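This report examines selected features of one protein model. Please consult the sequence and the structure shown below while reading.

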Amino acid sequence: MLKKPETIMQRFAALGWAKRGLILAALGVIVGLGHAPLDWWWASLVGLAVAFIITRNAPDLRTALWQGWALGLGYFAFSLRWIVSPFLVHIERDGWMAPFALILMASGFALFWGLAAGVTQKVFKGGMIGFALSIVAVEALRSLILTGFPWALLGHVLVAIPTSEMAALGGPHLLTFLVVIFALCLAAFPTGRPGLGAIGIVTIILSMVVFGITRPSMAPQESETIVRLIQPNAPQDEKWDIEKRHVFFDRMLAFTSEGDVPDLIVWPESSIPALLNYADDELELISEAARGAPLIVGVNRAQAGLYYNSFVLLGRGGAIDAFYDKQHLVPFGEYIPGGDLLHNMGIQGFGSSFGGGFTPGYGKRTLDVPGIGPIRPLICYEGIFAEEVGGTEIRPRALILITNDAWFGKDAGPYQHLAQARLRAIEQGIPMVRVANTGVSAMIDPYGVITASIDMNTAGYIDAKLPQVLLPTPYSRHGDTPILLLLLVLLSGLTWWGRQI
């Protein structure tokens with residue numbers, strides 16, 4: 001027989017702070033089980049529902065802040081566990097930093113959940129609905145503040161199930177909203193409101209079914225455009241080894257030259273083992289292997305003493321037909337905030353070049369590929385920012401994301417990155433071509449379905465048909481504005497109502 005929620009809350013409140021912290025951190029881990037590669041979305045909903053119940057009615061602001069932080073600590077420490085992987089590439093040099101990186105990142109992001117719990121106690125009198133809506137708000141906030149880090153958003157636990165299609169309507173923050181509403185409905189059953197919980201769940205499911213039925217279908221004709229995805233599988237500790245780097249370059253040349261000539265060939269991020277400025281020989285070899293097909297390749301380039309992470313479209317004879325420089329760089333990975341000052345102090349930043357690292361690009365965000373049309377180039381980290389993918393002057397025929405991912409191990413990181421690529425396709429209604437150094441490389445249709453892929457840590461290539469693009473989705477037209485306005489209205493209404501629920 002289930003214990004009454006009031007009894008559970010009382011017993012939880014009577015525990016010492018250490019035991020309560022451990023319980024909340026464990027619940028945070030359970031909430032994180034919904035992320036790739038496990039995709040246990042149901043565990044996330046149950047864990048969050050239990051957390052809503054036992055953290056109700058925090059007696060004071062300090063307790064609320066601490067409880068929200070402990071819940072977030074478990075969630076982020078588990079969901080972002082892959083962050084240790086870059087420090088293990090050269091473990092003898094960087095390994096000591098791995099635990100500090102995880103602890104600091106998880107502790108920092110947990111502050112957002114602590115903030116949500118504090119606002120709930122102060123403004124919404126400790127109610128579950130206030131906490132749920134506040135979590136949606138702080139998840140949106142961490143997506144934007146200080147250049148943003150929308151990785152492991154709570155809504156990402158729904159990527160593996162059909163509910164993810166709702167991202168076409170309201171993007172990742174709508175998915176987060178759905179997660180907390182589902183969890184609230186589950187929490188309603190043991191808290192004496194089973195009818196309300198059942199009505200809420202049925203309403204949400206019916207809304208998703210109606211949206212799925214009315215969403216525009218793919219164009220009836222099947223695309224005959226063939227894109228070749230090249231995956232060299234170069235381990236990060238060998239990728240730039242002067243004795244081995246041409247092994248992977250030659251491997252990609254061989255994959256490029258095999259079989260029938262496709263309509264487009266795509267290599268991953270930083271594929272050429274030389275700066276573009278000095279890569280004439282490599283470009284000629286690539287052109288010969290491509291046999292006249294346009295080819296996209298990732299390469300670093302220098303200009304006026306600055307370095308760029310670039311996406312280059314090659315034509316016949318190795319000619320550079322167009323290029324795009326990465327615009328949203330990775331803080332502390334591709335550049336160091338305040339890096340020049342640190343360099344002058346004798347501190348060399350991780351991934352930084354003389355304290356400066358790469359320079360962000362600017363300009364056009366679409367490139368025209370002969371025989372295919374306009375494409376939206378994305379380089380690695382840029383694929384996690386839903387609000388930045390759209391908004392191009394011309395609607396792209398495809399999203400093409402090139403990435404390395406070898407930095408991020410073989411478990412959670414690459415699969416979570418892939419899950420976000422699927423969301424970008426759904427949100428825009430545009431197919432995604434994702435090409436990774438070590439995997440997973442995939443062709444993703446505009447419904448987020450992977451139609452062809454190369455497994456992790458596998459060298460090879462696939463020729464995949466490029467799916468048709470859909471009509472513009474609501475999210476591609478309006479972005480995050482509708483869901484954020486809805487959130488603001490709900491929070492304002494809850495504040496005005498002034499009841500603890």
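Which side chain does a polar contact of 2.7 Å join to that of His-35? In this predicted model, the partner is the side chain of Tyr-75. His-35 itself is located in the loop between α2 (17–32) and α3 (41–54). Its relative accessibility is 4%, and because buried means under 20%, His-35 counts as buried. Beyond its neighbours within four places in sequence, His-35 is in contact with several residues, including Ser-79, His-156 and Gln-416.

Leu-115, Val-119, Val-123, Leu-141, Ile-145 and Leu-146 make a nonpolar patch of about 500 Å². The most is given by helix α7 (residues 98–123), which supplies three residues. Val-123 belongs to helix α7 and, at 38% relative accessibility, counts as partly exposed.

The table lists its pairings.

| Partner of β3 | Sense | Bridges | Residues standing opposite |
|---|---|---|---|
| β2 (residues 264–266) | parallel | two bridges | Ile-265 and Leu-295 |
| β4 (residues 306–314) | antiparallel | nine bridges | Asn-300 and Asn-309 |

How values were computed. Residues are numbered from 1 along each chain as its sequence is written. This is a predicted model: local features need pLDDT of at least 70, side-chain atom pairs count only at pLDDT 80 or more; totals for chains, interfaces and linings use all residues. Side-chain values use heavy atoms; hydrogens and water are left out. Helices (H or I, at least four residues) and strands (E, at least two) are DSSP runs, numbered from the N terminus. Buried means under 20% relative accessible area, exposed over 50%, partly exposed in between (1.4 Å probe, protein chains only). A polar contact is a pair of N or O atoms within 3.5 Å; within protein, one must be able to donate a hydrogen and the other to accept it, and residues adjacent in sequence count only if both atoms are side-chain atoms. Contact means heavy atoms within 4.5 Å. Patches are made of residues with over 30% relative accessible area and no salt bridge: like charges are joined within 9 Å, nonpolar side chains (Val, Leu, Ile, Met, Phe, Trp, Tyr) within 5 Å. Accessible areas come from the Shrake-Rupley method with a 1.4 Å probe; for residues, only the protein chains shown count as cover. A salt bridge is a side-chain nitrogen of Lys or Arg within 4 Å of a carboxyl oxygen of Asp or Glu. Two strands pair if DSSP finds at least two bridges between them.
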